[in-house]
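Student: Could you walk me through reading a model like this one? I'd like the general idea, then the case at hand.

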Amino acid sequence: MKFGILIKEGPYTHQASDSAYRFALAVLEKGHEIEGVFFYNDGVINATRHMDPPQDDRHLAMLWSELGKKIGRDLMVCIAAAKRRGISDGEIMENMSITGLGELTDLSIEVDRMVTFGD
């Protein structure tokens, strides 16, 4: 089965990003595919290089970047949401790219299931 994941909440404030990441790992563990991950609204904060958590905390931006490498495709960051939050192309993690909402539409059409995390 092919999955798409939409994340609409930032890291550390809500459980959505952690839950989405764990869901993605479970999808891969069960032998399914992740066609794409799209960060929207405050979810774009998950992609920023400016994240600097304490050593004993998880580094969500790094975990997402590693997931992008693992699935062999860039994770998508909404350009409009990123600009509204002061995030430009050079400020996002590796294995991520700035895209438009058209990519989210295309992803939704391509997958068997689109799962949304966050409000």
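**Contacts, core and helix packing**

Tutor: Let's start with Phe-39: leaving aside its neighbours within four places in sequence, Phe-39 is in contact (heavy atoms within 4.5 Å) with Ile-7, Val-44, Asn-46, Trp-64, Leu-75, Met-76, Val-77, Cys-78 and Met-96. Keep in mind that this is a predicted model, where local features need pLDDT of at least 70, side-chain atom pairs count only at pLDDT 80 or more, and totals for chains, interfaces and linings use all residues. Residues are numbered from 1 along each chain as its sequence is written, and side-chain values use heavy atoms, with hydrogens and water left out.

Student: Which residues have the most contacts inside the largest nonpolar core?

Tutor: In soluble globular proteins, nonpolar side chains tend to be buried together. Here the largest nonpolar core has 35 residues, and Ile-5, Val-37, Phe-39, Trp-64 and Met-96 have the most contacts inside it. Such a core is a set of buried Ala, Val, Leu, Ile, Met, Phe, Trp, Tyr and Cys residues joined through side-chain atoms within 4.5 Å. At least two residues of this core come from each of strand E1 (2-7), H1, E2, H2, strand E3 (75-78), helix H3 (79-84) and helix H4 (101-110). Those labels are DSSP runs numbered from the N terminus: helices (H or I, at least four residues) and strands (E, at least two).

Student: At what angle do H1 and H2 pack?

Tutor: Two packed helices are described by the angle between their axes and the distance between the axes. Helix H1 (residues 16-29) and helix H2 (residues 60-71) pack at about 25°, their axes 11 Å apart. The axes are lines fitted to C-alpha atoms, for helices over the stretch in contact, and angles run from 0 to 180 degrees between N-to-C directions. H1 and H2 are therefore roughly parallel, a label for angles under 35 degrees.

Student: What is the phi of Tyr-12?

Tutor: Most residues other than glycine have a negative phi. Tyr-12 has a positive value, near 70°; Tyr-12 lies in the loop between E1 and H1 and is partly exposed at 31%. Asn-41, also not a glycine, has a positive phi of about 50°.

Methods. Angles under 35 degrees count as roughly parallel, over 145 as roughly antiparallel, 65 to 115 as roughly perpendicular and the rest as oblique. Buried means under 20% relative accessible area, exposed over 50%, partly exposed in between (1.4 Å probe, protein chains only).
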